Amino acid sequence: MYFGTDYYPEHWVYPYAGTPEEPESRWQRDAELMVAAGINVVRMGEFAWGLYEPEEGKYDFDWMKRAMDVMANAGIQVMLGTPTAAPPIWLARKHPEILPLDQNGLARHEGTRKAYCMNSSVYWDYCKKIITELATALGKHPQLIAWQIDNGLGGHETESSFNEETRRDWHAWLQAKYETVERLNEFMGTRFWTQIVTRFEDVPMPMKSPTVYNPSLLLDWMRFSSDTIVAFVRMQADLLHELTPGIPVTNNLRALTRCFDHFDVADVLDFVGIDSNATIKTKSAENACGMDMLRSLKKANIKTPGDDGGFWVVEQKANNVNWQEVNSLVRPGVVRLFTYQAISRGATGVLYFLWRQARIGSEKFYGGVLTHDGRGENRVYKEISHIGDEIKLLGPILQGTSVAAEACILFSHENEWAMEHGPQPNRYFNQREHNQLFYNALHDRNIPVDFARPTEDLSRYKLVIAPSLKLLAGGEADLLKLYVQNGGTLVSTFHTGLVDEHHIAPDNGYPHDLTDLFGMEVLEFDPLPPGEENHLTFKGAFPTSHLHPAKLWCDLIEPKECQILATYAKDFYAGRPALTMNTFGLGKAIYIGTMSHQHFYYDLIVWLRQLCNLFPLLKVPDTVEVSLRQKDDTRIYFLLNHQNSPVRIQFYKPMHDFLTGTVLQGNYDLPPHGVLVLDERMAQKQGPAA
Ligand code: GAL
C-alpha cells in the first residue's frame with residue numbers, strides 16, 4: 001500500500017525556507033516529518049518546467065535529483081510529473097501560436113497553467129524535448145516508481161481549442177472518419193438549414209455562432225477533442241515507456257466531470273490515478289460513486305507500482321479546498337473517513353494534496369498536511385500520522401485484494417454529450433442525477449457496483465442498469481440483447497435509444513433497435529416541468545413503501561409481449577404502462593418509462609435483489625457504508641460511519657477488527673466518522689475477546 005503526499009520542494013527553498021547558506025535545508029526536515037507520518041511516496045515536479053528549463057535549451061534537473069536523493073535517504077519513493085501542464089513563459093512569448101484560442105477566436109494567455117493548444121505541433125515538439133531530457137536525467141533514479149503525465153487533463157475548460165492547427169486536425173479527423181464528403185453530409189444531416197459542404201476543409205469548428213450547431217457536428221467535435229487529448233497523453237506515454245521501460249504512467253483524473261472520454265484515456269495509462277475532492281459538504285454516496293466510476297475505467301491490464309492493482313488517489317484533499325464560496329475546515333476524522341472510503345473501493349495508493357500550505361502563489365490558503373509554519377504540530381498532521389500508522393498495519397493484509405461487483409451501471413461519455421448539447425426535450429433532466437438515484441439505492445444497500453461502457457463484455461454481471469442511453473449505436477443495442485439473451489437482467493429507462501451514433505433519430509420506433517428486447521414500443525414521450533407529477537399504480541408483487549411519483553418524463557408505452565408492472569395514475573395516459581418486464585432468451589429486460597423519487601429506486605433494488613440473487617455485503621444500519629476487498633477466501637470488510645453521531649451495529653457473528661486487534665460481537669457503537677476494517681475468518685479462528 002502506498003501512502004503519500006504531493007510535495008513541491010521548489011516552494012521550500014530560500015527565501016521561503018532554508019537559509020542563504022543552505023537554501024534547500026528544509027527538505028531534510030520535510031522528509032523526517034514524512035517518515036514520522038508513515039509516508040512512503042511523494043509526487044513531485046508536475047509544474048516544474050520553468051525551473052527545469054529556465055531558458056530554452058538550458059536544463060537544470062540537479063535540484064530535483066537532490067530532492068529525490070533526500071527522499072532516497074528517507075526511504076520514500078517518488079512519482080514524477082511530466083511538467084507539460086505549465087509551460088514556461090519564454091515558450092509562449094516565443095511561440096504565441098501555442099496559446100489556445102477560445103470559441104470567440106481569442107487567445108487564453110500565458111502566465112498561469114494549461115495555456116496550450118493540444119493540437120499545436122510546436123507544443124508537441126517542446127513537450128517531447130522536455131520529457132526526453134527529464135527522463136534521461138532522472139528516469140534511472142532508484143526512487144522513481146511512476147510517472148504522472150501532465151496534470152488535470154481538460155482542467156480550467158481546456159478540453160477544446162479553436163486554433164488553425166486544431167482546424168487542420170479536425171478536418172483530417174473528419175476525412176479519416178467519413179472518407180468522402182458525401183458520406184459526411186449524409187451522416188451529419190447537413191441538409192438541415194442546408195449547411196452542406198463540398199470540401200472537408202469547409203466544415204466549421206463550433207465557434208461562437210448565432211444559434212445552436214447541428215448536434216451531429218457537435219458530437220463529432222466532442223469526439224475529436226477527446227481524441228486530441230488521448231493522442232496527447234499517448235504521445236507522452238509512448239515516449240516514457242520507451243525511455244524508462246517498466247515505470248508505469250498515470251494521470252490525475254477527476255470523477256468524469258471533464259469533456260473527454262475517460263475510458264479512452266485510461267486505456268492509454270498503466271493505471272488510473274484520480275483527484276478526490278472529498279470535502280466537508282461531500283455526500284458520501286456521491287463520492288463513492290465517483291470512486292467506483294474511476295476504478296471502473298480500467299478493469300484489465302492494470303500495472304501499478306508494486307503490481308498491487310487497483311487505482312491511486314494522487315490528490316486526496318488533506319483539509320479545506322480554496323475554490324468554494326466558503327472553504328470551511330474538514331472536520332476531525334473526516335479525512336480519515338474519506339481515505340478509507342478510497343481504500344475500501346480499491347485504492348492501492350493515497351497521496352494527500354498537499355504536503356505543506358504554500359507561502360506563495362494562488363493556492364496558499366489551501367489546506368495541507370502541514371500548515372504554513374511547517375512545524376508538524378498541527379491537527380491535520382497528527383491525524384494523517386495516525387492514518388499512516390494504521391496503513392502500516394493494513395498494507396500487508398490488503399495486498400492483492402480488490403473489489404468485485406455483480407451489479408453494473410452503464411455510462412458513456414458520447415451519450416452524455418448527446419444529452420448536453422443542443423435543445424433537449426427536458427432541460428431539467430440531468431443524467432448524473434438519474435444515475436445517482438440507482439447508484440444510491442445499490443450503495444445504501446451495500447451492493448458493490450461497477451460502471452461500464454455499453455460496448456464492454458457484461459456477462460460477468462448479474463444486473464446491468466442502463467439509465468437513459470439516449471444515444472445508442474447499433475452495435476451497442478446488439479450487445480445489450482446478447483447480454484439478456486444469455487441470462488442477464490437489464491434495466492433501461494426513458495430517454496433510451498432516441499438517436500443513433502450519428503445523432504439521427506430512428507424511423508422504426510423507440511427505443512431504437514430495442515423494441516423487441518423490451519417487448520414494447522414507446523410511441524411518444526411527455527416531458528414534465530419541475531413540480532408537476534403523475535403517479536405510479538403498481539400491479540403484482542412489486543414492493544411499494546411509498547406512493548411513487550412519475551416526474552420529469554413520462555413515456556407513452558405500447559405493450560406487446562411485455563408484462564406490465566406499473567401504470568400511470570392520471571392524465572390522458574392514465575392506465576398506460578409505465579414499468580414493464582419482458583423475458584428475452586434466458587434473461588429479463590425491465591423498462592422504466594419515467595423518473596421517480598429516491599424511495600422508488602430503493603424499492604426497485606429490493607425487488608431486483610431477489611430477482612437476480614444479489615446479496616448485500618453485511619446487514620448493518622442504512623447509514624453505515626460497507627465495502628469489501630477480497631482475494632480468494634480473504635474477505636476484508638470496511639464499515640464507515642458518515643454520520644456525525646454514533647451508529648449501533650449488531651454483529652451476529654464475531655468479527656475481527658484489524659485496526660484495534662479486537663473481536664467484535666453483539667452490539668457495537670461505531671463512533672461518529674468511525675471506521676472498522678473487519679475480517680470474519682480470522683475472528684472465527686481467534687474466537688471472541690474476553
Ligand atoms: C488539482 C490540481 C492541483 C491543484 C488542485 C486544487 O486538480 O491538480 O494542482 O490545483 O486541483 O484543487
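Analyst: Start with Thr580 and its neighbours. Leaving aside residues up to four places away in sequence, Thr580 touches Met520, Ile557, Cys562, Gln563, Leu565, Ala589, Ile590 and Tyr591. The model is predicted. Thr580 sits in strand E17, which covers residues 577-584. Is Thr580 buried or exposed? Its relative accessible area is 0%, so Thr580 counts as buried.

Now set a second residue beside it. Asp389 belongs to helix H12, residues 379-398. Its relative accessibility is 43%. Asn430 lies 41 residues away from Asp389 along the chain, and their C-alpha atoms are separated by 42 Å.

Next, the helix that H12 packs against. Two packed helices are described by the angle between their axes and the distance between the axes. For helix H11 (residues 334-344) and H12, the axes come within 10 Å and cross at roughly 20°. Angles under 35 degrees count as roughly parallel, so H11 is roughly parallel to H12. The crossing of H11 past H12 is right-handed. Which residues of H11 meet H12? They are Val334, Val335, Arg336, Thr339, Tyr340 and Ile343. On the H12 side, the partners are Glu383, Ile384, His386, Ile387, Glu390, Ile391, Leu394 and Leu398. Sorted by class, this contact of H11 with H12 holds 9 nonpolar, 2 polar and 3 charged residues.

Helix H10 (residues 284-295) packs with H14 at an angle of about 100°, and their axes are 10 Å apart. The range for roughly perpendicular is 65 to 115 degrees, so H10 and H14 are roughly perpendicular to each other. From H10, the contact takes in Ala285, Glu286, Ala288, Cys289, Asp292 and Met293. From H14, it takes in Arg432, Asn435, Gln436, Tyr439, Asn440 and His443. By class, the contact of H10 with H14 counts 5 nonpolar, 4 polar and 3 charged residues.

Why is H13, residues 413-420, described as largely enclosed by the rest of the structure? The reason is burial: 6 of its 8 residues are buried. Those residues are His413, Asn415, Glu416, Trp417, Ala418 and Met419. Their cover includes helix H8 (215-243), helix H9 (262-268) and helix H14 (431-444). Just after H13, Gly422 takes a positive phi of about 80°.

Finally, the whole chain. The protein chain holds 18 helices and 24 strands. Its radius of gyration is 27 Å, close to the 26 Å that the globule rule gives for 690 residues, so the chain is as compact as a globular protein of that length. Along its principal axes, the C-alpha trace spans about 85 × 80 × 45 Å. Of the 690 residues, 59% count as buried. Thr580 is one of the buried residues. Among contacts with a separation of 6 or more, residues 24 or more positions apart account for 73%.

Conventions
Residues are numbered from 1 along each chain as its sequence is written. This is a predicted model: local features need pLDDT of at least 70, side-chain atom pairs count only at pLDDT 80 or more; totals for chains, interfaces and linings use all residues. Side-chain values use heavy atoms; hydrogens and water are left out. Helices (H or I, at least four residues) and strands (E, at least two) are DSSP runs, numbered from the N terminus. Buried means under 20% relative accessible area, exposed over 50%, partly exposed in between (1.4 Å probe, protein chains only). Axes are lines fitted to C-alpha atoms, for helices over the stretch in contact, and angles run from 0 to 180 degrees between N-to-C directions. Angles under 35 degrees count as roughly parallel, over 145 as roughly antiparallel, 65 to 115 as roughly perpendicular and the rest as oblique. A crossing is left-handed if the near helix is turned anticlockwise from the far one by less than a right angle, and right-handed if clockwise. Contact means heavy atoms within 4.5 Å. Ala, Val, Leu, Ile, Met, Phe, Trp, Tyr, Cys and Pro count as nonpolar, Asp, Glu, Lys and Arg as charged, and the others, Gly among them, as polar. The radius of gyration is taken over C-alpha atoms; the globule rule is 2.2 Å times the number of residues to the power 0.38.
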